[in-house]
Amino acid sequence: MMSSSFPKDGDKADIAAVSLVERLAAYLPHLALPEPKVMPPAFEGALVQVEIEGFSALAESLARLGREGAEMLSRVLNAYFGPLLQSLEELGGDVLHFDGQGLLAFFPAAQSAALSSALDRASTASLKFLAVNEAFRGVQTADGRFSLQMRVGSAAGTLQILVVGTSMLGQSLVFNGLALEAARRACLQARWGEALVWEDNRMKTAEAQVVSPGVLTSSLARLFEAEDPLSVFNRLSPYLPRQLAQRLKGSTSSLGPAEEFRRVVNLFVHVPNLDLEQESDVARLQAYYSAVQQVCAGLDGRVHEITPRPLEKAVRLHLTFGALLSNNEDAAHALRAALAVRDLPIPSGGSPALGVASGNVFTGSVGTPGRQKYIVLGDVVSLSAYFAQAATERGDGTLLVDRYTRERVGLSYLFGEDIILNLPAWPFPVRASRLLAPRPAPCNLVTFLREYPPTGPAPTAVLGTLDAVLAGQRHVLLTEPGQASHLAGRWLKRVGRGAAGLCLLHAADVPYLAWSGLLGGLIGLAESDSRTEKAAKISEAVVRFAPDYVPLTGWLSQMLGLAQEEPGFRQRLSGPQRGQFVQMVTQLLQGMALAGPLLLIFRDLQWCDEPGLQLLESAVHALAGSPILFGLTTRPEHGEMAEWVSHLPGLVR
């Protein structure tokens with residue numbers, strides 16, 4: 001481990017400057033110092049993977065005590081990890097990562113021939129870790145005594161360390177390699193209280209070896225010499241959470257933020273088909289990671305950890321919302337980020353699997369003065385990881401959300417049927433909801449133009465189409481996405497009424513999604529309306545324009561987000577009650593068109609759900625004699641959708 005001894009001479013400014021370097025360096029493995037970007041991409045040595053069970057349950061119990069419980073848990077964590085880190089330092093090991101669920105350590109080998117010596121140190125350290133755990137007394141709380149269990153696995157080989165991200169949005173160290181995966185598998189195969197070693201292609205029990213004291217490195221003073229502390233800060237701070245780095249910069253005594261229990265939303269993203277042994281996939285990971293960071297940047301979230309899974313050829317990201325910096329919109333921000341990340345292109349051409357869970361967790365910096373780690377600890381962290389794993393079994397693009405997070409976002413999102421999951425190592429079945437899409441906001445032509453302003457000259461066909469539809473000659477226009485805004489602008493100047501609906505990628509499971517925003521825009525709903533105002537507008541529209549369907553007004557209330565959707569509501573509308581719903585919408589549109597010509601825009605029709613397409617086809621045929629223009633946009637690469645549209649009557653391109 002790094003030395004924590006520093007020169008005592010010099011003025012106070014010099015001492016404070018060294019203190020800043022010490023605090024920053026404590027959050028990084030020594031292998032990455034003094035400059036992570038210039039360290040070798042690979043190291044030979046032995047890895048030790050430690051799994052610890054019991055801290056999450058202890059955190060759940062102490063959370064009821066609030067601040068006092070957080071301070072108590074912090075003392076327990078520091079008292080537990082202190083001897084572990086000391087044992088590691090004595091044997092010449094480096095801590096790559098640790099938190100309340102485990103520890104990852106590395107013993108470097110000077111050359112390939114020294115791998116056996118490094119593995120001897122790793123095996124010896126494994127047994128020392130078990131001894132520390134055995135000697136650690138349980139913690140008594142109001143819920144009983146909590147003990148900790150440990151198991152350890154080790155293996156020798158090559159450790160790869162990748163640096164991903166940017167200085168502006170943050171950087172992360174990614175540890176990878178088959179040796180790391182072998183150590184993890186050895187750990188998982190070990191019983192609690194046991195240490196296994198993967199050596200010579202077989203698993204064996206760890207044995208204590210006679211090893212000399214290890215010395216990993218020189219002091220920090222020698223590593224950084226007389227470098228300006230602000231220069232060190234600018235170089236190392238991107239590897240820490242931004243708020244944490246700023247607190248360290250402004251303090252001379254504290255090694256980190258105050259420990260506390262706080263409500264955090266955890267998002268795990270399982271990205272398939274990424275083999276970090278391949279340079280091309282490393283470059284793809286860089287691009288993907290940067291895109292995820294861009295998503296998080298505006299939503300007060302951050303990538304907490306990134307973990308490769310070499311045998312699965314996958315990568316898992318852990319995103320947090322509410323750690324260090326929190327607000328009342330953390331749950332909504334997390335779901336917005338989850339949907340945005342789901343839609344990001346990934347190397348395989350598919351989609352990631354995602355899991356979201358939120359609740360009270362312990363956050364804070366733990367460890368020793370020489371090695372610190374900001375952790376997020378609690379059962380919901382494990383739950384969100386299990387959700388992501390369960391989502392992978394249900395296909396690409398699956399996004400599972402716990403009930404607590406769903407309740408916090410209210411009616412802002414659309415969910416599928418609840419799923420009962422029997423998760424590994426979870427004591428009882430857990431209910432999860434599949435997040436499908438955000439609930440479309442009401443969209444009239446004015447809001448449509450604000451989101452998609454016209455660019456370039458209007459196509460000449462648009463001008464002719466307005467005259468044609470007003471003369472009753474044409475009522476379906478197929479156009480490029482960019483031309484729809486020209487059509488809306490011209491229509492507002494000459495006629496003035498209409499609305500738009502947006503079809504979303506990955507939302508084909510949501511019946512009538514585009515129709516939700518379109519009908520809300522036609523009825524005149526606004527985001528600023530109160531629930532009473534929205535209810536009055538919906539009732540007035542149905543009574544005036546579709547009086548035969550007044551008893552079914554509740555359908556629109558649920559569809560437009562005024563009321564909680566009943567279980568299976570949209571499935572019924574797209575199934576047994578489809579005929580009634582189609583007739584209701586058709587009569588509503590016909591009545592509105594009699595009050596003035598309408599323009600209805602469906603954007604990105606290639607992503608429309610099947611019931612929504614059938615409703616559109618029925619409306620086009622039934623309303624052929626009404627002054628309604630349907631503006632349909634689709635992308636050129638989706639030729640099959642253009643072929644479908646070509647069979648609609650009254651089509652003009």
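**Figure 1. Salt bridge between R262 and E260 in the predicted model.** In this predicted model, R262 and E260 form a salt bridge in which the closest N and O atoms are 2.5 Å apart. R262 has a relative accessibility of 12% and therefore counts as buried. E260, at a relative accessible area of 27%, is partly exposed.

**Figure 2. Salt-bridge network of E35, E227 and R235.** Shared partners join the salt bridges of E35, E227 and R235 into one network. Within it, E227 forms a salt bridge with R235, and the closest N and O atoms of the two are 2.4 Å apart. E227 counts as partly exposed because its relative accessibility is 28%. R235 has a relative accessible area of 17% and is buried.

**Figure 3. Salt bridge between R191 and E194.** The side chains of R191 and E194 meet in a salt bridge, with an N to O distance of 3.6 Å. R191 is exposed, its relative accessible area being 59%. E194, in contrast, counts as buried at 14% relative accessibility. The count for the model comes to 23 salt bridges.

**Figure 4. Stacked aromatic pair of F55 and F81.** Twelve aromatic pairs are found in a search of the whole structure. One of them is formed by F55 and F81, which are stacked, at 6.3 Å centre to centre and with 20° between the planes. F55 belongs to helix α2 (residues 55–62) and F81 to helix α3 (residues 67–90), so the pair links distant parts of the chain, 26 residues apart. F55 has a relative accessibility of 0% and therefore counts as buried. F81 is likewise buried, with a relative accessible area of 0%.

**Figure 5. Tilted aromatic pair of Y512 and F581.** The ring centres of Y512 and F581 are 4.7 Å apart and the planes stand at 50°, so this pair is tilted. Y512 is located in the loop between β19 (498–502) and α16 (513–523), while F581 is part of helix α20 (residues 578–595), so the pair ties together parts that are 69 residues apart in sequence. Both Y512 and F581 are buried.

**Figure 6. Aromatic cluster containing F55 and F81.** Ring pairs link F55, Y80, F81, F98 and F136 into a cluster. Among its members, F55 and F81 make up the stacked pair with 20° between the planes.

**Figure 7. Charged side chains over aromatic rings.** R151 lies over the face of W192, at 4.4 Å from the ring centre. In a second example, K249 is placed over the face of F233, and its distance from the ring centre is 4.7 Å.

**Figure 8. Nonpolar cores and the surroundings of L173.** The largest nonpolar core has 59 residues, and L47 and L173 have the most contacts inside it. Helix α11 (residues 379–392) gives the most to this core, contributing eight residues. Leaving aside residues up to four places away in sequence, L173 touches L28, P29, A32, P36, M39, I161, L162, V163, Y239 and I306.

**Figure 9. V38 and V163.** V38 is found in the loop between α1 (12–25) and β1 (42–53). At a relative accessibility of 65%, V38 counts as exposed. V38 and V163 are 125 residues apart along the chain, and their C-alpha atoms are separated by 9.8 Å. V163 is also one of the residues that L173 touches.

**Figure 10. Buried and exposed faces of helix α8.** L244, A245 and L248 are buried in helix α8 (residues 242–250). Seen down the axis of α8, the buried residues fall within an arc of 100°, so they line one face of the helix. The face of α8 turned away from this buried side carries R242 and G250, which are exposed.

Methods: Residues are numbered from 1 along each chain as its sequence is written. This is a predicted model: local features need pLDDT of at least 70, side-chain atom pairs count only at pLDDT 80 or more; totals for chains, interfaces and linings use all residues. Side-chain values use heavy atoms; hydrogens and water are left out. Rings of Phe, Tyr and Trp (its six-membered ring) pair if their centres lie within 6.5 Å; planes under 30 degrees apart count as stacked, over 60 as edge-to-face and the rest as tilted. Helices (H or I, at least four residues) and strands (E, at least two) are DSSP runs, numbered from the N terminus. Buried means under 20% relative accessible area, exposed over 50%, partly exposed in between (1.4 Å probe, protein chains only). A charge sits over a ring if NZ of Lys or CZ of Arg is within 6 Å of the ring centre and within 35 degrees of the ring normal. A salt bridge is a side-chain nitrogen of Lys or Arg within 4 Å of a carboxyl oxygen of Asp or Glu. A nonpolar core is a set of buried Ala, Val, Leu, Ile, Met, Phe, Trp, Tyr and Cys residues joined through side-chain atoms within 4.5 Å. Contact means heavy atoms within 4.5 Å. The arc is that of the directions from the helix axis to the C-beta atoms.
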